[in-house]
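Here's a quick briefing on some aromatic rings and a pocket. Have a look at the model first, then read on.

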Amino acid sequence: MKLLKIVLLVLTLCAACALARADETLFDLEAKYWAREIAVNKTLTYDALQKDVAKWDITPVHRTAFLKKVKENIKTKNYAPLTQMESARVAEYKTVQNTLAKKQKNIMPKGDIDAQIDSLRLGAFDIIAKYWANRIVDVQDITYDTLYNDAKKWYGSEEIKGQLLLRVDRYVKGNNTELTDEEMRILNAEVQAEHNIIAASGN
């Protein structure tokens, strides 16, 4: 009877351990995996991992907590080999990470977007300037100061945006802001082309 109780106790403890391992978060498993890679398999150093993690698509808070957990696992030697199920979870996570990384590589650099936007704006420079002057003088739904601040967030080089704002100011002071139907057609086409570039850039 006493032996049976001991066996039951051991089985209960084993079940508890199994449940505890099953409840480990992906965060914990990933931290344990990398601790083992550093301390046992020696496939990379902690410093190298830091550089890699800096490129991961996670928040700064998550990144700091993750690296702290890896370092803690190395110090406490908490890097037992992952079970088959745990390894599968980590592998699945890595697949998602790799997909995100590839997507990130396909994103057009901002400098390239700016150059294309500049080229479009230069092709309709006066019309765009007159449009904004019309908004300021006639429609009166925006001020020059607001436009100036908003333009800081636009795509395009600072040089071309600066020149555009100067042209807007000239039209405002000259009170020549009325757009023809043809100018509106050109403006709408330019705006749509800008949207297409930004949408295709992956940003």
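Picture a 1 Å grid over the protein atoms alone: a pocket is an open set of points where a 1.4 Å probe fits, with protein on both sides within 12 Å along at least five of seven lines. Points are joined across faces, edges and corners, and the volume is the space filled by probe spheres set on them. This is a predicted model, where local features need pLDDT of at least 70 and side-chain atom pairs count only at pLDDT 80 or more, while totals for chains, interfaces and linings use all residues. Residues are numbered from 1 along each chain as its sequence is written, and side-chain values use heavy atoms, leaving out hydrogens and water.

**The pocket**
- The second largest pocket holds about 310 Å³ of space.
- Its lining (residues with an atom within 4 Å of a point) counts 14 residues, and R121, W132, W154, V191 and E194 lie nearest the centre.
- Helices (DSSP runs of H or I, at least four residues, numbered from the N terminus) α6 (110–123), α7 (125–139) and α10 (181–201) each supply at least two lining residues.
- The largest share, six residues, comes from α10.

**The rings**
- Searching the whole structure turns up three aromatic pairs (Phe, Tyr or Trp rings, using the six-membered ring of Trp, with centres within 6.5 Å).
- Y131 and W132 have ring centres 5.1 Å apart and planes at 70°, so they pair edge-to-face (over 60 degrees; under 30 is stacked, the rest tilted).
- Y131, W132 and W154 make up one aromatic cluster.

- Y131, at 23%, is partly exposed (between buried and exposed, which is over 50%).

Conventions: Buried means under 20% relative accessible area, exposed over 50%, partly exposed in between (1.4 Å probe, protein chains only).
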